[in-house]
Amino acid sequence: MSELYIGLMSGTSTDGVDGILADLANQDIHVLADASMPLPDSLRQELLALNSAGDNELARAALAANGLVDCYATITEQLLRTSGVAAGSVRAIGAHGQTVRHAPQAGYTVQINAPARLAERTGIAVVADFRSRDVAAGGQGAPLVPAFHAARFGQATGRVILNLGGIANLTILEAPVRGFDTGPANMLMDAWAQRHLGQPYDDKGAWAAQGRCDTELLRHLSAEPWLALPPPKSTGRDLFSIDWLDARLHAWPVSVSPTDVQATLLQLSVTTITEAIAAHAGAVREVVACGGGALNPVLMQALAQILPCRLTTTADYGVPVLTVEALAFAWLAHAHLHGQAACWPAVTGARHPSIAGCLYPA
Ligand SMILES: Nc1ncnc2c1ncn2[C@@H]1O[C@H](COP(=O)(O)OP(=O)(O)O)[C@@H](O)[C@H]1O
Ligand SMILES: [Mg+2]
């Protein structure tokens, strides 16, 4: 008997929506289709704007949620069409929504989403709001993917799964499984490339490769207190925004060329990731990367140079790097329907495990 789920993810990079249709019966994970689409520019701008306080936010957030879910519905239709699967055969969609605020220490996290509209448009049950129960239990509500990583890539394998999205987060596959955000992966580099190249990201890291890391500036940026906090911890655009970078560059007395800043930002991602692994993981045999940053060979080479073990990607294990998070949300929807707790105290710091998400029936 097959058990079909769809996972939909739009991450902090605000680059687009990634979707996957998978059969999750019998502990197996079998992918039937994947699809991605960039966010329409006006929606992207509005979602980015909603990350900070602004006029008439409630109505704007509701409308942006509808716009996002229309992209989710488009991806869903595409997944069904390419796989030849009928909507009625899919048990549920796991739809993350778009994080616009993440302040677990203040007791809240906000994902813009319209799950009822998605259920209405697709005729498929939707599981959404994956983070708030864990936050209510005193946890970070993040990262959500470690339970899935453990299921797909092995419980106690000495592997570290490294997701290079806007933010970098890692899962340490030891006993007990742990996971946390380490700081920026692509977010600062993306913002800097947008400003100086007019491009959403530095394709293949070619621009960063032309610069030289400024070690003094790197030390200055690395002094951010959040980076020294012990896990469990999570972060997002609330902290590592272009404003964060501008404030630090403003306080820096020496002029550094934009190209060298880009090279320094790349190295900031690399050192914060590798230092977090050295400090918190035991004997690591392998780091398995995923997320869009795994498509940046300059970032990957810089990581490989410092890591004391081999660096692979999830593609080496049959999961394309851009589909891992979407697959995680299909898996989380499955976990929800099976009453399986996917938020773990060792990961999020919550008082107890919890079942992630809330169900909107078809
Ligand atoms: N060809 C590429 N070269 C360099 N960076 C890339 C490339 N493709 C994707 N990326 C990076 O990956 C990011 C998207 O990664 P993704 O895993 O979707 O992150 P998120 O979960 O935050 O949305 C882009 O914003 C970009 O920084
Ligand atoms: Mg993305």
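This is a predicted model: local features need pLDDT of at least 70, side-chain atom pairs count only at pLDDT 80 or more; totals for chains, interfaces and linings use all residues.
Two packed helices are described by the angle between their axes and the distance between the axes. Take helix 6 and helix 11 to begin with: the angle is about 165°, and the axes sit 9 Å apart. Since angles over 145 degrees count that way, helix 6 is therefore roughly antiparallel to helix 11. The crossing of this pair is left-handed. On the helix 6 side, the contact is made by L188, M189, W192, A193 and H196, and helix 11 brings P258, V261, Q262, L265 and L266 to meet them. Sorted by class, that makes eight nonpolar residues, two polar ones and no charged ones.

Helix 8 (residues 215-222) also packs on helix 11 (residues 258-280), here at about 50° and with 10 Å between the axes. That angle makes helix 8 and helix 11 oblique to each other, and their crossing is right-handed. From helix 8 come L217, L218, L221 and S222, which meet T264, Q267, L268 and T271 of helix 11.

As for Q199, it turns up in the loop between helix 6 (187-197) and helix 7 (206-210). Setting aside neighbours within four places in sequence, Q199 is in contact with A193 and Q194. A193 also belongs to the contact of helix 6 with helix 11. L164, 35 residues away from Q199 along the chain, has its C-alpha atom 19 Å from that of Q199.

Technical notes: Residues are numbered from 1 along each chain as its sequence is written. Chains are lettered from A and ligands numbered from 1 in the order in which they are written. Helices (H or I, at least four residues) and strands (E, at least two) are DSSP runs, numbered from the N terminus. Two residues are in contact if their C-beta atoms, placed from the backbone, lie within 7 Å. Axes are lines fitted to C-alpha atoms, for helices over the stretch in contact, and angles run from 0 to 180 degrees between N-to-C directions. Angles under 35 degrees count as roughly parallel, over 145 as roughly antiparallel, 65 to 115 as roughly perpendicular and the rest as oblique. A crossing is left-handed if the near helix is turned anticlockwise from the far one by less than a right angle, and right-handed if clockwise. Ala, Val, Leu, Ile, Met, Phe, Trp, Tyr, Cys and Pro count as nonpolar, Asp, Glu, Lys and Arg as charged, and the others, Gly among them, as polar.
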